[in-house]
Amino acid sequence: MIKLTQGNILLNARAQDKTEAIRIAGNLLVDAGNMQLAYIDSMLLREKVANTYLGNGISIPHGLPRDRDLILRTGISVSQFPDGVQWHQGETVYLVVAIAARSDEHIELLANLTDVLDDPQTVHRLATTTDPLDIIARLTQPRDGGSVAVAPVEAADDFAKWVDVELSGPAGLHARPAAAFVDIARQFESEVRVRHIGKVANGKSLLSLLKLGAGTRAGIRIMARGSDADAALEALAAAVRHGLEDAAEASPSSDLVAPSLSLQARAIAGIAASPGVAIGPLRHFRRERIVVAATADDAVHEETRLRQAIAAARLQLRELHDEVKARSGAARAAIFRAHQEFLDDPDLVEATQRLIEAGHSAGWAWRQSIDERAQEVASLDDALLKERAVDLQDVGRRVLRLLADTLEEEPGTFTIPVILVAEDLSPSDTARLDPAMILGICTAGGGPTSHTAIIARSLDIPAIVGAGPAVLHQPEDSLCILDGDAGNLYLEPGDGDLHLAHQVQQQWQALREAERLACYQPAITTDGQRIEVVANIGGASEAEQAVAAGAEGIGLLRSEFLFLQRAEPPSEDEQFIAYSAMTRALNGLPLIIRTLDIGGDKEVPYLSLPAEDNPFLGVRGIRLCLARSDLFRPQLRAIYRAAATGPVKIMFPMIATVEELLAARAIAEDVRRELGAAAVDIGIMIEVPSAVLMAPELAAHADFFSVGTNDLTQYVLAMDRGHPSLARQADALHPAVLRMIDMTVRAASAAGKWVGVCGGVAGDPKGAMILAGLGVSELSMSIPSVAAIKARLRTQSLTDLRALAQRALACRTAAEVRAL
């Protein structure tokens, strides 16, 4: 065993944070000739990919396996911090045991640490002692001496479900791999036990596992009992076979490690919506107070004012649509087309005119009519339709501003950049914000796929949503730190927190720059699996932007952009020109065109569709295409013609039954024969539960599947992702949604077909890793997310991603999945 001397021990040390503490402990080993100075940087990098906190006030920082050449000889140092150092939130360290190990000579010393962990009184004594010999004596005395001898864990009967595996790590089940095992085991409800020879340990207890004494190449039996026992055994066995130490702590293949914050300031926790760190003054978003007179003498004049205000609002919305489309894409801008439809509602206008005729001003009458209709919509039982109340109020305020006698507290103009706090932001609110003046966004409501989250990601602004009403009561202009990656808003940070936040902010900037420079490199995992990363677009101009951002093709072209905001449907030639312009811009990269997906929340006046009680369950997607061959056949003809100019695939939306797919394919084949065109791959969107359950049968008639997680989440959970009170729960990382995706992938794989995902979760770093682990081979996302997701996947192994996916499937809530 290595020798621990007084020269390796530092008493009464002080450090502002764990970074400084690690440098202090590491310098002891450098001064003692155990390692080169650069190994301290390796210790700090490990902290980004693994937690070295053992528990009970002790941490064991050490470097990455790839940097062992920087170790001159094995050694250990002990630094005592009587005042404590925050390691992670809720973890205070008093003894830092720094390790520089070329071999396993240090294992006996670490084994003695497990006894210390069992004895809080001993930890307290060592954390406050003034004699270094106390620490030396306690950590170097034989484990079988005196009262501290470790008694074997009492044996128990094996569970009915078990698996035998061999430890593949270099030093057996010591502290680091045991901690990795515990992290995985705790994700499952089932009881987990581990047997080694005659000892049995609790698989969810680090101390219990360490006392097994399982060394290099030792055989262990993993046992599980409970509702998710099979999944627990599969995930744990895979992790052990891969090498727990490697799985938990393997260094990334590059330096592209997402930085993380761990601060001492009080925090309000929300949902991570857009990554990055913002530091600045907090400013509350205030909508202006619109003042209107209650009465008016000249009804004719007031009706003229109403018509003029509606016309001006319609023009504003048209200009706003074009501006947002140019900045953030057609999909982000689509909401403003729907807002224009509200202005054309004859019932709303007539109700307002009746109030004007009764002697009220145009402003008062308009506000009254809007409020009544918004309340009616908000009181509907159908959650999918309730969100229309928000849109109604948004449109109503736009017209009301034009009718106002006075405007008070005009919002949205800031003289310095701020962190913006709001109850929630409407589409018009976010469109009016100046990104140059918004450091970060934090909303009390909303979910990870809300309008605010989507806009923040498209503008690359750090954001948190669903933080609760507490954020609305924070003092104006107070300095805050917003961590969009973890979802925390830190209040009243100290100098140490601000220093660390600025460092992490610089790391984020460096990471973004590195991602941009590497955006054309493929997303290949560390063990050689390639995952296609492509883009979702809603217009011809975005194809070139996608290629410039590193996308390897287009996984979803929302073809309805050609059908909206016009008086008649586009001609076949018009569509052909648009599609072929994209194939030229893609220059050989694949283009997947989704056929017309209108209905639900997309209204097209010239189609004269009948009103439906629930349009999300009515004639939409492929149902509309099958009902309107005058729309469907010209579009198919244009697609087949464009396929002669570049690699094109067809994708049918909202397929719910095998009959719908067969009918759509029959029409497509008829069109192809008419043209004498070459065959193309035809896939389907998986967006409804019936398609998942019928996936084996659908796979027999589809060339590929693409999971639309936004709609699938709404239908599986029966929650609208834009609903004011449900948005936080409508999360595509809910285990129910992930299990649906898992079922889809398994069915497709059995038929030899591939599966992509084109919903918002594909562009979420956590979501992308889980989806890849489930076997999804193509991830399609908004253009700004492409480089970051490719970079993240390049740092992972497929083996680890599969283990992560299994843990996610076994979770009970979306919050548990996001905490993995």
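Colleague: How many aromatic pairs does the count come to?

Modeller: This is a predicted model, where local features need pLDDT of at least 70, side-chain atom pairs count only at pLDDT 80 or more, and totals for chains, interfaces and linings use all residues. Residues are numbered from 1 along each chain as its sequence is written, and side-chain values use heavy atoms, with hydrogens and water left out. Rings of Phe, Tyr and Trp (its six-membered ring) pair if their centres lie within 6.5 Å; planes under 30 degrees apart are stacked, over 60 edge-to-face, and the rest tilted. By that rule, the count is two.

Colleague: What kind of aromatic pair do phenylalanine 632 and phenylalanine 652 form?

Modeller: Phenylalanine 632 is buried at 1% relative accessible area, and phenylalanine 652 is buried at 0% (buried is under 20%, exposed over 50%, partly exposed in between, with a 1.4 Å probe and protein chains only). Their centres are 6.0 Å apart with 65° between the planes, and that makes the pair edge-to-face.

Colleague: Which residue has its charged end over the ring of phenylalanine 576?

Modeller: A charge sits over a ring if NZ of Lys or CZ of Arg is within 6 Å of the ring centre and within 35 degrees of the ring normal. Here the charged end is 4.3 Å from the centre of the phenylalanine 576 ring, and it belongs to arginine 641.
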